Amino acid sequence: MEITYQNPFQKPGNWYKGNLHAHTTMSDGKKTPEEVAIRYEKAGYHFLAITDHNKRTVIPGYQGNILLIPGEEIDITCGGCYHFIAINTKQELGLDPEKRKNMQPQEIITAVRQAGGSVILAHPYWSNETIEMTKLCSGVLGIEVFNHCCYTDWGNGHSMAHWDDMLRLDIKVNGFAVDDAHAYTVRDFQPDDSCGGWIMVKANHCTADEIMTAIRSGDFYAASGPEIHSVTISEEKITVETSPVRSIAFRTPRWGGKRMQNADNKMMTCAEYIPKSSGVRCIRVECTDELGRMAWTNPMWFS
Ligand SMILES: [Zn+2]
Ligand SMILES: [Zn+2]
């Protein structure tokens with residue numbers, strides 16, 4: 001059995017933290033683009049994609065210290081609700097709103113790629129998507145396995161089942177955690193929707209080219225809290241080291257896999273697993289800390 005995994009933990013380079021989904025006053029967000037950039041810069045982020053609804057927001061003459069990657073969020077209602085995050089586009093898509101409504105998912109994905117960008121399927125659980133819908137999105141880099149705003153505001157921010165549905169069909173997509181921040185502040189019974197979902201990208205330099213190359217290669221992991229320190233694959237054994245977490249799960253989209261947690265709930269920082277060969281096509285690791293926050297590796301494929 002051979003395991004194929006773009007293992008960012010074994011590559012040279014630096015870890016860069018970023019959020020690829022955020023709104024500003026240019027659509028329905030509550031902070032200006034400049035304020036949003038400062039919010040993330042102060043929180044220690046290295047890169048940010050501002051993704052206003054159907055609008056490519058840039059900050060002219062921006063002089064700050066966080067890398068801004070242009071993007072926009074495109075929504076269609078054809079055959080159900082789909083939102084797509086377009087990142088690193090060279091120009092605004094500028095789709096006519098009436099025409100956009102009737103476009104198919106694949107048409108949007110193609111249009112973004114023609115604009116030089118890459119596509120992430122946004123919050124499939126919030127969008128009420130079924131696998132019959134998500135499987136039509138095979139040209140995307142991945143899906144939002146975690147959307148912080150959907151979690152804080154509606155409780156449907158996790159889309160692990162949607163991700164696994166795609167993996168079960170051998171659709172090789174990666175998992176992104178994002179904010180989708182709108183409010184940027186604490187509200188009644190709802191925490192601040194910013195800085196709660198991010199990706200950690202392994203690259204040599206924090207430039208748009210290098211970050212995008214690493215993202216497209218899968219050299220990142222997604223998180224809403226815990227850190228993943230290492231993933232090693234030795235012969236057929238997968239070993240994972242993390243910050244203190246309550247559980248570490250080796251998830252397979254089919255039967256199999258294994259979830260580990262100490263019986264006395266003592267926190268753990270390491271787990272290992274030897275996949276059984278029968279029927280296992282792919283494994284991904286997810287861990288959960290004492291507050292329910294999670295981290296997700298991208299899938300490791302078996303052949
Ligand atoms: Zn959306
Ligand atoms: Zn959004």
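Let's start at the metal site. Glu73 bridges two zinc ions, ligand 1 and ligand 2, which lie 3.5 Å apart. Glu73 sits in strand β5 (residues 71–76) and His83 in strand β6 (residues 82–87), so this pair ties together parts that are 10 residues apart in sequence. Strands here are DSSP runs of E, at least two residues, numbered from the N terminus.

A word on the source. This is a predicted model, where local features need pLDDT of at least 70, side-chain atom pairs count only at pLDDT 80 or more, and totals for chains, interfaces and linings use all residues. Residues are numbered from 1 along each chain as its sequence is written, ligands are numbered from 1 in the order in which they are written, and side-chain values use heavy atoms, with hydrogens and water left out.

Back to zinc ion ligand 1. Its donors are N, O and S atoms within 2.8 Å of the metal (3.2 Å for Na, K and Ca); water is not among the atoms, so sites may look incomplete. Glu73 (OE), His83 (ND1) and His123 (NE2) coordinate this zinc at 2.1 to 2.2 Å. Along the chain, the spacing reads E-x9-H-x39-H.

Are Glu73 and His83 buried or exposed? Buried means under 20% relative accessible area, exposed over 50%, partly exposed in between (1.4 Å probe, protein chains only). Glu73 is buried, at 1%. His83 is buried too, at 10%.

Now the cysteines. How many disulfides are there? Zero, in a search of the whole structure. A disulfide needs two cysteine sulfur atoms within 2.5 Å. For Cys78, the closest cysteine sulfur is in Cys137, 12 Å away, so too far for a bond. Cys78 is buried, at 18%.

Key. Helix = DSSP H or I, 4+ residues; strand = E, 2+ residues; numbered from the N terminus.
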